Each structure stands twice: as C-alpha cells, then as structure tokens.
Amino acid sequence: MLTLSLNSQLLVSFLKLTCSDGGLSFDSPPAMTRQDSAAPAGSLSVQGPSNPGYNTNPVPVPVITQTDTRDKWSKKMDFLLSVIGFAVDLGNVWRFPYICYQNGGGAFLIPYIVMAIFGGVPLFYMELALGQFHRTGAISIWKHICPIFKGIGYAICVISLYVSFYYNTIIAWALFYFYSSFASVLPWTNCDNAWNTENCTNYFLKDNVTWNNYSRSPAEEFYTRNVLEIHKSDGLSNVGGVRWQLMLCLFLIFTIVYFSLWKGVKTSGKVVWVTATLPYVVLFILLIRGATLPGAWKGVVFYLQPKWEKLFETSVWVDAAAQIFFSLGPGFGVLLALSSYNPFTNNCYRDAIVTSLVNCLTSFMSGFVIFTMLGYMAEKRNVNVEDVARDKGPSLLFITYPEAIANMTGSTFFAIIFFVMMITLGLDSTFGGLEAIITAVMDEYPEYLAHRRELFVLGLVVVCFLGSLSTLTNGGAYVVKLLEEFGVGSSIIAVGFLEAIAVSWFYGITRFSNDIKSMLGYYPGLFWKVCWVAISPAFLAYIIVSSLLKPAPLQLFDYKYPDWSITVGYIIGASSFMWIPIYMVYKLVWTPGSLKQVRPSNAAILNCQIHLNSVFHNS
C-alpha cells in the first residue's frame, strides 16, 4: 500500500510536468522553469490519506504565476477598460441594431439573452480564468493544457492578422470622414459636388421630391464615389489602384496603434482611459439629440416592436448566438492575453460578469441611438422606417447615419464627435487584437523577443499595414467584405469550439475548477461547469453547422461575388484553421521513438489530463 501511494503521487507529479512540457518523455522529468517554480501560497498540492503508514508530505503541483519580469497592469481599471474597449467595438453600433430589428425586434432579446447566459458569458469567463492562471499567451498556454492542441494558438494569430488587414481600413474610412467633417457645410449634404451623378437625390429641405429605386442620396454617393471610388473597380477581378488618401489615413491609424502598444500594457492601459470612455460620452449625447428629433419614436417602435412568431425560426437563434459570440470575443486570444497580466488572485469571475453586462447594455443602447435617427430620416423621406433601414454593416455607419447628421442643426459638431467615437471604438479593438498576437508570440519565443518588444511590434505593424493595401484600392470594400466573411467567420467559431473542448474534456473540468479555486478561493458553481462541458461547446457547434448548411449569398451594393471568389474565401478560412491539424501531425511524427511507440506516447498526450483528474479524485 505504501508503494502504491508513493507511486500514485509520483505519477501525478510526473504527468503534470510532462503534459506542461509539451509532450511525454520516458526519460527523466523535465526541470521546472523559473516561471513554474514560483507557486503562490494557495497553490494546489496532492496529498495521500491521513493514515500514519502513508507518506503525508504533499507533492506540489507547479502553478504558473506572475513573475517579476512580466508586465502588470498599473491599475485594475486599466484592465477592465481594455477588456471593455475590445469587446465594445463597431459591431455593437452597426451589427446588433440591424440584427435585432431583422429578427423580431424586442422578441429578439429573448434568444440573445439566452445565448449570452448559456454560451457567451461562460466562454468569456473561461478565457479570463485561463489567461490569469497560466500567465501566458495563446500559443504557449497549450503546453500547460494539452500540447497537441497547440495549433489553436497559431490559428488564432493568423485570424487576428486577417482581422487587422480589413478592420483598420474601416477605421481609416472613419478618419477620412472625420477630416471631411471640418467644414461649415458637410460635403455629403448636397448633390453639387464633382463626384455626384444624375441619380443623386437630395430630399432634405425640399418639397415634392420623388424617391425611386434608382435614387441615391448625397451621403451614399460621397461614400461610394468619393471615399471608396468603388465605381472605378469592376469587382475583385479588377480592384484598381490604391487610394493614397486612404493609405495616409491608415498610416496615421497604425502610427497611433504602434505608440500605444510598443511599451506593453503600461502604455495601452493609459490610452484606453480615453478610447474606451469617450464613446460612451458621445453615445449619450447622440441619444439625447436623436430623441428630440421629429419621427424618432417611429424608429424606436420599429426597433423594439416584438414579432413573437420569429422565435420559432432557427435563423433567429443562430443570429443571436453568432452576435453574442462575436460581440464578447472569446476565441480571439485577446482575453487570454489581457488577463495574463493580472495579479494571480484577481477576481476574474466578477470581471467577466461586469464586462459582459456592459457590452450587452452598450449594444442595446446603440440601437436607440441608431433607430431614433432612422425614424427621423423616415419622417423626412415620408417613407416607412424599414425602407430607410435596409442598409447594414459599414453602410449604416457611413451612409445612413451621416445622412441624418448632415441635416440637423449643428451638423458639423455632431459629425465630428460621431466619427471620433467610431475611431476610438475601432482603435480599442485593434489594440486588443494585436496584443493577442504580441503576447502569444513573445511568450512562445522569449529567448529572442523578451527584450525586443519595440522592434517586434514595429515589424508586426508594418506587416499589418502592407497586408491592408489591397483593402485601400478602388475595389477595397469588396476585399474587406471577403476577409470579414471568410477570414474570421466560421474559422474563429471552430477555434473557439476546439478550445472549449480541449479545456473542458482534455484538461479536465475538475482541474480547471481547482485552478479557479486557487485564484479566487472558491470553486465555480455547477452552472458554469455544465456550460463549459456541454452547453457552450454545443452552442458553438450549433453556429458552425447552421452557417455551413445555409451559407448566405455574398453581395455588396449591386455586386454579387463570383463563384471563384467564394472558393478563394474558403481557402482564406482554411489557411488559419489548417494549423491545428498540421501541428497535431507534427507532434505525432516528431515525437521520439518508433511508430509503435509514438502512438501510445501521443495518445498519452491527449489523455494525460483525464488520467490526472482521476488520480486527483482517488488519491
């Protein structure tokens, strides 16, 4: 019995070490790193029974803790504002209001809240806890969880790169508008400009204006013919030349990004005090102004009037699940990176609840800001709100809303603050996305990058800038749509699904709960465990299957994407996800030993966490 207990304890310690080291070895156990050796007072340990005949000396289980060399947030609010700034982005302003009215108005809030409670928030909480406990980025964290899934970290970095290629271009468009707003008469107010066509129809301050299917508002022609110059492109087959004005705007955006990130969280944590709080001030001002406009109530009724029959449509629940997932942002590696700079005992549970609530309430409030303006426009056009609200995506922000602003008293002021809000909303998300890459790569290769952060961030920003050039062409909006749909889309949901499976099933829900106990002093409740093990993975699988079975046709303005471009899109999506199976094959092939020995060795890699949990339970 004594021998059995000792062997059991040694096995626990050995399994922990070998799983954390990225593979199993039948030689001597690997030495703990300096980071592993610094365990807090409340760290886990495995003890045998209290029988005097047993060796009761605890066998310590190494815990990844904050090291003196790792950056730390200067204040708790720096972290909270960074997380809120990442989660609350342009999608909260344009995507949620559109999806809400499209899927039943007020009735949509029911599936939205259900999906948030059982899917989005548990995944959000899980990532914050993982990052805070293991103190490392999206790549190297897998040697502590389940090494064969390390490809997830590389996939996350590739997806984040794709996001940076198009997302910052949208911010550059907002900067172009911001510059154009410094005029006594906004340039998208009338049809007297060089870029306007005979279809330009200005119905504000005029009577008996006929609006038909060929009519184009001054704001629409400003966006399509002056900002994008999309009429000079034939589509993806001929995107045209690079717009130097947009390239200059993008250069300024990346300059701000670089000097916000180059010194780590100590600099970005200060910047978010402006970029994360200013949008709320502007949203409140615009909400008050919108509520005082004629016809605003029509927009609010249209926004919230429940259509209960929509609840029986599967597509509504799919949209709710996708919206909450992309809104909160688990799976992007950002939450892992940001929480890894927290103190070990930080209350990540409370952080998850607070930031999730702020995010959802911001989306809800943004709907009022948007639809009061749409109601005002419907009143002026003398049409139904649904005829005004047909625009979605960036068009809602760059056509519909600027058009409403242009015809209000004090239009210049409201245009300036609106586009400042858009720029700051976008910058926060860019900070988070690039920090996910920076933290992941620097933690994976500290021997090369530990003291070269400034150079690495500079190189990353240059790569992102060069990768964005195709989105700055005359047909760049087509590229943006393609990257948004396929570069992120199903790929990031599949990554989130595998991450949830790896943590809950391979790392083990018992062990993950013990990690949370060592940080917070109490175990997560049964609700969270059930969500992590079953409901949240099912939630993600539901989105993946639904999106693959019923893919929506891809179209932008009057341009329908050709079949070859859809194939290119699938290749883009596969180019990120493929790193997961590639790394699995790499681990199987390069693990030392013959094929017969490799197979059980790698099977042990997959199952070591399950065995470890069993030993914990029975020892």
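Biologist: Is Ala87 buried or exposed?
Modeller: Buried. Its relative accessibility is 3%, and the cut-off for buried is under 20%. Bear in mind that this is a predicted model.

Biologist: Where does Ala87 sit?
Modeller: In helix H3, residues 76-87.

Biologist: And what does Ala87 touch, leaving out residues up to four places away in sequence?
Modeller: Asn92, Ser327, Leu328 and Asn359.

Biologist: Take Asn359, then. Which helix is Asn359 in?
Modeller: Helix H15, which covers residues 348-381. Asn359 counts as buried, because its relative accessibility is 0%.

Biologist: What is Asn359 in contact with, beyond its neighbours within four places in sequence?
Modeller: Ala87, Val88, Asn92, Ser327 and Leu328.

Biologist: Which residues does UniProt place under "binding site"?
Modeller: An unreviewed UniProt entry gives Gly85, Ala87, Val88, Asn92, Ser327, Asn359, Leu425, Asp428 and Ser429. They are spread over 345 residues of sequence but cluster in space. The largest C-alpha distance among them is 13.4 Å.

Biologist: Which of these residues is included in the lining of the largest cavity?
Modeller: Asp428.

Biologist: New topic, the surface. Which residues form a nonpolar patch there?
Modeller: Val242, Trp244, Met247, Leu248, Phe251 and Leu252. Together they have about 590 Å² of accessible area.

Biologist: Where is Met247 placed?
Modeller: In helix H9, residues 244-261.

Key:
Residues are numbered from 1 along each chain as its sequence is written. This is a predicted model: local features need pLDDT of at least 70, side-chain atom pairs count only at pLDDT 80 or more; totals for chains, interfaces and linings use all residues. Side-chain values use heavy atoms; hydrogens and water are left out. Patches are made of residues with over 30% relative accessible area and no salt bridge: like charges are joined within 9 Å, nonpolar side chains (Val, Leu, Ile, Met, Phe, Trp, Tyr) within 5 Å. Accessible areas come from the Shrake-Rupley method with a 1.4 Å probe; for residues, only the protein chains shown count as cover. A salt bridge is a side-chain nitrogen of Lys or Arg within 4 Å of a carboxyl oxygen of Asp or Glu. Helices (H or I, at least four residues) and strands (E, at least two) are DSSP runs, numbered from the N terminus. UniProt positions are given in the numbering used here, feature names are shortened, and annotations may be inferred rather than shown by experiment. On a 1 Å grid over the protein atoms alone, a cavity is a set of points where a 1.4 Å probe fits but cannot get out, and a pocket is an open set with protein on both sides within 12 Å along at least five of seven lines; lining residues have an atom within 4 Å of a point. Buried means under 20% relative accessible area, exposed over 50%, partly exposed in between (1.4 Å probe, protein chains only). Contact means heavy atoms within 4.5 Å.
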